[in-house]
Amino acid sequence: MINRNKGFANLTAGYLFPEVARRRREFAARHPDASIISLGIGNTTEPLTPHIAKAMSDYALALSTPEGYSGYGDEQGMAALREKLAQVFYPNMISPDEVFVSDGAKCDIARVQVLFGKDVKIAVQDPAYPVYVDGSVVIGAAGKMKQDGTGYEGIVYMPCVPENNFFPDLSVVPPDSVIYFCSPNNPTGAASSKKELEHLVDYALKRGCVIIYDAAYSAFIRDPSLPKTIYEISGAENCAIEINSFSKPAGFTGVRLGWSVVPKKLKFADGSLVHSDWNRVMTTLFNGASNIAQAGALAALDETGLSEMKSLIDYYLENVKTMTAALSAENFKKSGVKVYSTGNSPYLWVFFPGYKSWEIFDKILAECNVVVTPGSGFGPAGEGFVRFSAFGHHKDVNEACKRFSRLHF
Ligand SMILES: *Cc1c(COP(=O)(O)O)cnc(C)c1O
């Protein structure tokens with residue numbers, strides 16, 4: 001019989017979201033009258049803007065005509081879209097042929113792991129978005145879960161906690177590592193400053209590391225002093241790949257469209273270009289993003305689209321304000337509850353002293369009928385925290401916030 005991929009055997013059971021769903025289901029079965037509000041999974045809730053939807057609908061209808069039909073396109077994406085992405089997000093930093101259009105950021109992160117193979121060293125922020133670690137385990141770049149359950153062998157975890165302002169101590173990262181870095185961060189919401197990112201780039205350049213910079217929430221940055229792309233930092237073009245997506249800013253979680261940036265200056269130890277191998281990955285293992293989704297992305301990047309996307313993000317950021325105010329109430333403060341939110345991301349990262357993440361999860365579910373995400377599910381440094389997501393209708397978030405007043409710690 002065929003041997004199982006050892007990476008899959010090493011992977012511990014998908015625990016976080018299935019367990020959240022299980023506890024929610026059990027609670028609902030015991031309390032059939034409870035109206036449960038989810039501030040848990042980071043899924044978008046507001047509809048596509050009409051302008052973007054119309055562009056996709058027009059494109060789809062045209063596909064039924066001889067003039068409008070197109071089959072396979074360039075695997076790297078439509079030329080017009082690559083140009084627009086370079087112009088809107090990386091003016092004077094990145095050229096269109098360094099931008100690759102894809103079916104989403106998560107898929108790109110998985111493909112990046114193919115690019116570096118199983119012999120590469122990995123460093124991740126702790127807590128972190130799960131695919132960096134889980135994907136590394138699958139491809140064999142990490143070993144087994146450690147005995148004490150605090151992480152996988154072969155992965156360097158960089159704690160990001162209030163004590164270091166959620167920016168890691170990089171000295172734990174060995175030379176020649178791939179460093180996964182997400183800013184604004186999921187789950188902590190922390191957005192790194194220019195100075196912090198300069199330090200990150202400087203470290204990577206000195207130690208021969210490559211940064212995989214996940215900028216899926218860059219459009220949520222409202223503080224003009226914060227960098228929106230790693231390429232605002234000089235030298236990043238020699239050490240960083242950036243990955244981004246229309247999922248969160250444009251509600252494309254179901255439509256599916258993202259992009260990656262691989263600068264031509266980025267090189268492997270043997271002097272070959274990472275760009276050439278990435279081009280190979282995208283043409284060999286991927287076959288181009290949906291042309292309908294690309295038409296939607298083009299519309300999202302014209303004047304109307306950009307302003308509609310901004311309004312959509314403002315809508316979610318309004319929820320951040322509402323939740324921050326509710327969770328900063330005097331009685332919470334007195335119990336030592338700390339809300340970490342900078343207003344530059346859709347997540348609130350909240351610390352409850354004296355409780356484990358799952359205990360807070362259960363308490364908020366039982367007393368408020370609100371589902372959140374336990375911080376410990378994102379890594380050992382997330383213990384004691386929970387993540388509140390701002391993806392929700394205003395009326396649901398307002399109702400959830402009213403219910404928070406029932407909580408006592
Ligand atoms: C949601 C999310 C993604 C996934 O984006 P898709 O384009 O929908 O695959 C990537 N990175 C982070 C940090 C996310 O939260």
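The following paragraphs go from the chain as a whole to two annotated positions in it.

This is a predicted model, in which local features need pLDDT of at least 70 and side-chain atom pairs count only at pLDDT 80 or more, while totals for chains, interfaces and linings use all residues. Residues are numbered from 1 along each chain as its sequence is written, and side-chain values use heavy atoms, with hydrogens and water left out.

The chain contains 14 helices and 13 strands; these are DSSP runs numbered from the N terminus, with helices being H or I of at least four residues and strands E of at least two. Its C-alpha atoms fill a box of roughly 60 × 55 × 50 Å along the principal axes.

Of the 409 residues, 50% are buried. Buried means under 20% relative accessible area, exposed over 50%, and partly exposed in between, using a 1.4 Å probe and protein chains only. Among contacts (heavy atoms within 4.5 Å) with a separation of 6 or more, 73% join residues 24 or more positions apart.

UniProt, in an unreviewed entry, lists residues 36–404 as "domain: Aminotransferase class I/classII large". This stretch is 37% helix and 15% strand, and its end C-alpha atoms are 13 Å apart. UniProt positions are given in the numbering used here, feature names are shortened, and annotations may be inferred rather than shown by experiment.

The unreviewed entry also carries the annotation "binding site" for Y15, G42, K106, Y129, N186, N287 and R387. These positions are spread over 373 residues of sequence and also in space, with up to 35.5 Å between C-alpha atoms.

Two of these positions can be followed in detail. G42 sits in the loop between β1 (37–38) and α3 (50–62). Its relative accessibility is 17%, so G42 counts as buried. Leaving aside residues up to four places away in sequence, G42 touches K248, Y347, R387, S389 and F391. R387, among these contacts, also carries the "binding site" annotation.

N287 lies in the loop between α9 (274–284) and α10 (291–300). With a relative accessible area of 42%, N287 is partly exposed. Again not counting residues up to four places away in sequence, N287 touches Y72, E75 and M282.
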